[in-house]
Amino acid sequence: MVEIVSIEKAVSLVKPGSSLMGDGFLGVSAPIKLFEGLRDAGTKDLTLIQAVMSFPMEEHDVDILAVNKQLKKLICAHAGTSREITKQYFANEIEIEFIPMGTLSECIRAAGAGLGGVLTPVGVGTMQEESHDKVTRNGKEYLLYDPIEADVAFIKANKADKAGNLYCHGTSKTLTLEMALAAKIVIAEVEEIVEIGDIEPSDVYVPGILVDFIVQGLTPAENVTYYKELWSRHNLLTEGDN
C-alpha cells in the first residue's frame with residue numbers, strides 16, 4: 001500500500017552510492033521539492049539517470065545535486081544545459097555516459113518490461129560502438145544497449161489519489177511511467193493529493209501499484225509562481241505571460 005510521507009522521510013530512502021532516476025525535462029515537470037530535500041540530506045556518490053539536465057540559465061531542480069557535489073556519475077542524453085555538470089565533466093570530477101535520447105527512453109522501458117536489452121541502429125558508426133555490442137540481423141547492423149534500472153525513482157505528477165494512482169497532464173508526462181516501471185522504489189512528488197475515486201480511471205497515467213511513496217510538492221499555484229519567477233529572472237516572459 002502506498003504511503004504518504006514527508007520529504008525528509010522520502011529522501012532518506014536514497015542511500016549513498018544509490019542509482020536515482022529523475023523525472024522532468026529541462027526543468028519542466030521536475031520533482032523540485034524532492035531534489036531540494038536530497039540536497040539538504042547531502043547523500044553522496046549517486047548515479048543519476050536523467051534524460052537531460054535542467055533549465056540552462058540557472059542551476060535549479062536537479063542541477064542543485066551537481067552543485068552540491070553529490071553525483072559521481074550521470075547517465076543522460078544531454079548534459080550541456082548544466083553549467084555545473086559541464087565544468088565537473090571537463091575537470092574529470094564526474095563520469096558521464098551519453099546515450100541517445102530515444103534509446104535512453106527505450107533502455108528504461110526495457111528494464112521495466114523485463115527485456116534483455118534494446119537492439120537499435122542508432123549509434124552505428126559512432127563512438128557508441130566502443131561500449132556496445134554490434135549485432136547483424138537480416139543484413140543490417142545494430143547496437144545492443146542494456147536495460148537501465150535504478151534503486152530509486154523521483155517522479156512528478158499533477159495529482160495522486162490515496163491509492164497512489166497518478167494523473168499527469170499533457171506533455172508533463174516525460175518518462176514518468178517508464179521510470180515508475182524500472183525503479184525498485186518509486187517516490188512521486190505531486191501538486192495535489194485527492195481521495196480515491198477523484199481521478200477518473202481513464203485519466204490514470206501511472207497506476208498506484210507502481211508507486212511506493214507520495215510526497216506533497218508545490219501546489220498548482222505555487223508551481224506557476226515558481227516558474228514565472230524563474231523565467232522572469234531571465235526575461236523569458238512576454239507581457240501577456242505575466
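A word on the model comes next. This is a predicted model, in which local features need pLDDT of at least 70 and side-chain atom pairs count only at pLDDT 80 or more, while totals for chains, interfaces and linings use all residues. Residues are numbered from 1 along each chain as its sequence is written, and side-chain values use heavy atoms, with hydrogens and water left out.

K73 and E95 meet through their side chains at 3.7 Å, N to O. This pair links distant parts of the chain: K73 sits in strand β4, E95 in strand β5 (residues 95-98), and 22 residues separate them. Helices (H or I, at least four residues) and strands (E, at least two) are DSSP runs, numbered from the N terminus. K73 counts as buried at 18% relative accessibility. E95 is partly exposed, with a relative accessible area of 45%. Buried means under 20% relative accessible area, exposed over 50%, and partly exposed in between, with a 1.4 Å probe and protein chains only.

The structure holds 13 salt bridges. Another one joins E178 and R109, whose closest N and O atoms are 3.3 Å apart. E178 is buried, at 9% relative accessible area. R109 is partly exposed, at 37%. E129 and K134 also pair, at 3.1 Å from N to O. E129 is partly exposed at 28%, and K134 is partly exposed at 40%. In general, side chains of opposite charge can pair when their charged atoms come close.

Now look inside. The largest nonpolar core has 35 residues, and L34, L38, L71, L74, I85, F154 and I187 touch the most other members. A nonpolar core is a set of buried Ala, Val, Leu, Ile, Met, Phe, Trp, Tyr and Cys residues joined through side-chain atoms within 4.5 Å. Several elements give two or more residues to this core, among them α1 (7-11), β4 (71-76), β9 (150-161) and α7 (220-232). The largest share, four residues, comes from α2. A second, separate core of 33 residues includes M21, I108, V118 and C168. C168 is buried, at 2% relative accessibility.

Helix α2 spans residues 32-41, and I32, L34, F35, G37 and L38 are buried in it. An α-helix has 3.6 residues a turn, so residues three or four places apart point the same way. After α2 comes G42, with a positive phi near 75°. In the loop between α2 and β3 (46-49) lies D45. Its phi is near 60°, a positive value in a residue other than glycine. T174 also has a positive phi, near 40°. T174 is in the loop between β10 (166-167) and α6 (176-182). Most residues other than glycine have a negative phi.

Not counting residues up to four places away in sequence, L74 touches L48, Q50, M53, A79, I85, I94, E95, I96 and E97. Contact means heavy atoms within 4.5 Å.

What of the cysteines? The structure holds zero disulfides, a disulfide being a pair of cysteine sulfur atoms within 2.5 Å. For C76, the nearest cysteine sulfur is that of C107, 13 Å away. C76 is buried, at 0% relative accessible area.

Turn to helix α5, residues 101-113. M101 lies in this helix and is partly exposed, at 35%. T103 also lies in α5, and is buried, at 5%. T103 touches T120, V122 and Y145, with residues up to four places away in sequence not counted.

The loop between α5 and β6 (118-120) holds G116. G116 is exposed, at 68% relative accessible area. The C-alpha atoms of G116 and D146 are 6.9 Å apart, although 30 residues separate the two along the chain. The last stop is R137, in strand β7 (residues 133-137). From C-alpha to C-alpha, R137 and L119 are 9.9 Å apart, and 18 residues apart in sequence.

Key: Salt bridge = Lys/Arg side-chain N within 4 Å of Asp/Glu carboxyl O.
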